[in-house]
Amino acid sequence: MFNEMLWIGFAIISFIIVLFFYKRFGKTGLFVWIGFATVAANIEVAKTVELFGLTSTLGNIMYGSVFFATDVINERYGKDEAKKAVSLGFAVLVSLTAVMQGALLFKPHPEDIAQPALETIFGFLPRVALGSLLAYIISQTLDVYVYSWIRRLFPSDRALWLRNSGSTAVSQLLDTFIFTSVAFIGKYPFDVWVQIFITTYVLKFVVALFAAPYAYAAKRISPMDEGGEKDAG
């Protein structure tokens with residue numbers, strides 16, 4: 001149960017850090033977190049672990065925190081700012097991919113010890129990198145619109161959990177489908193792809209539910225540099 005307890009503790013700490021960034025730096029802090037967490041999630045995904053009896057890659061918590069931060073921006077500052085945050089995360093991810101692919105082209109010194117590790121982490125197969133980029137921009141954009149749609153139907157604070165968890169659950173389903181399809185269909189037998197798809201989404205769905213209480217905490221936060229700016233409609 002070591003991995004499971006560590007995973008739960010990591011989720012608690014990660015969402016607390018998001019709230020700290022929001023409290024201390026306001027909207028700017030959330031934008032920074034989205035860029036950082038997008039990079040971190042795509043590095044962590046290189047590591048495979050066993051969680052709750054399922055074989056999974058890491059990165060689900062950090063990636064889930066990106067959706068959470070985007071929803072907080074949508075809730076307080078509106079859809080246009082949330083879309084800007086999505087564009088920022090995508091630009092960071094594209095830049096990371098391009099810069100690190102360029103770094104790998106340099107011939108290492110005979111005594112260099114970093115090249116093999118960097119190739120393992122950043123030597124993405126083209127279809128895996130493409131799957132990650134497509135999944136991010138499409139699912140995050142969907143999350144913004146689904147969140148706004150649910151908010152129009154259920155605008156009360158009592159339905160905040162529905163807006164947060166519901167939009168993330170829907171968009172993460174599409175995210176998982178796009179990434180696993182682009183990256184793994186044809187590489188693995190269809191039944192193996194189905195298992196990868198299901199187990200990946202289950203963990204992402206758990207993270208989406210886990211984020212709901214933190215959404216209520218974020219709702220009560222007044223960022224230090226914004227003087228209690230009112231929520232966007």
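Start with the largest nonpolar core of this predicted model. Select Tyr 22, Leu 30, Ile 34, Phe 68, Ile 73 and Tyr 136: of the 41 residues in this core, these touch the most other members. Next, colour the elements that give two or more residues to the core, namely H1, strand S1 (48–51), H2, helix H3 (79–105), helix H5 (126–153), H7 and H8. The most comes from H1, with 13 residues.

Now zoom in on Leu 30. What is it in contact with, leaving aside its neighbours within four places in sequence? Show Val 18, Tyr 22, Ala 69, Val 72 and Ile 73.

Move on to helix H8, residues 212–220. Its buried residues are Ala 212, Tyr 214, Ala 215 and Ala 218. Because they cover an arc of only 150 degrees around the axis, they sit on the same side of H8. Turn to the other side of H8, where Pro 213 and Arg 220 are exposed. Then display what covers the buried residues of H8, including helix H1 (2–44), helix H2 (60–77), helix H6 (160–184) and helix H7 (190–210).

Last, look at the record. An unreviewed UniProt entry lists several spans as "transmembrane region", among them residues 29–45 and 51–73. Select residues 29–45: the span is 94% helix and 0% strand, and its end C-alpha atoms lie 24 Å apart. Residues 51–73 are 61% helix and 22% strand, with end C-alpha atoms 31 Å apart.

Terms used: Residues are numbered from 1 along each chain as its sequence is written. This is a predicted model: local features need pLDDT of at least 70, side-chain atom pairs count only at pLDDT 80 or more; totals for chains, interfaces and linings use all residues. Side-chain values use heavy atoms; hydrogens and water are left out. Buried means under 20% relative accessible area, exposed over 50%, partly exposed in between (1.4 Å probe, protein chains only). Helices (H or I, at least four residues) and strands (E, at least two) are DSSP runs, numbered from the N terminus. The arc is that of the directions from the helix axis to the C-beta atoms. Contact means heavy atoms within 4.5 Å. UniProt positions are given in the numbering used here, feature names are shortened, and annotations may be inferred rather than shown by experiment. A nonpolar core is a set of buried Ala, Val, Leu, Ile, Met, Phe, Trp, Tyr and Cys residues joined through side-chain atoms within 4.5 Å.
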